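Please load the model in your viewer and keep the selection panel at hand. The tour moves from one selection to the next and says what is to be found at each.

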Amino acid sequence: MTKIVSEIIELIANKTWPDFAPAFHANIGYCLKKNGFDVSFEFSVRRVNGRRGRIDLVATKAGESVAIEFDNKMPRIGSLEKLRLFQGSRMVILREGEQMNVEGIDAVVAVRVRPVTPAEHADRRTVRRYA
């Protein structure tokens, strides 16, 4: 596991995150920015079939980059395919689920979630706010 992946795991592992995809993405992105990472949402990659894919988030610090896909309980096949196209560290952050080893991926990490607040649910532009 790379240094950047270990640092991100330390930052997110012992917190509870909102169980709503837009708020989940935005809150983790904000946490990374607050801790010195440069964060890019919706990082574009070209898939093997020629179609464009987007990695949920790419975080960079001290010249190291990690591509992050956010999934619910299990890594999706499409997420793993996009991550494998990225030149750098790769990880999946799951809303609940179980940590697991996946070939070609540096870490699959499951974090605790809490019910989303009405304000978080109503705010669908949360990722753009931190981009």
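**Stop one: the strand pairs**

Select β5 and β6, which pair in the parallel sense over five bridges; strands are DSSP runs of E with at least two residues, numbered from the N terminus, and two strands pair if DSSP finds at least two bridges between them. This is a predicted model, in which local features need pLDDT of at least 70 and side-chain atom pairs count only at pLDDT 80 or more, while totals for chains, interfaces and linings use all residues. Residues are numbered from 1 along each chain as its sequence is written, and side-chain values use heavy atoms, with hydrogens and water left out.

Within this pair, R95 has V111 in β6 as its bridge partner.

**Stop two: the nonpolar core**

Next select I8, L32, I68, M91 and I93, the residues with the most contacts inside the largest nonpolar core, which has 24 residues; such a core is a set of buried Ala, Val, Leu, Ile, Met, Phe, Trp, Tyr and Cys residues joined through side-chain atoms within 4.5 Å. Helix α1 gives the most to this core, with six residues. Apart from this core lies another, of 13 residues, including I55, A67, V92 and I105.

Note on methods:
Buried < 20%, exposed > 50% of the residue type's maximum accessible area, 1.4 Å probe, protein only. Helix = DSSP H or I, 4+ residues; strand = E, 2+ residues; numbered from the N terminus.
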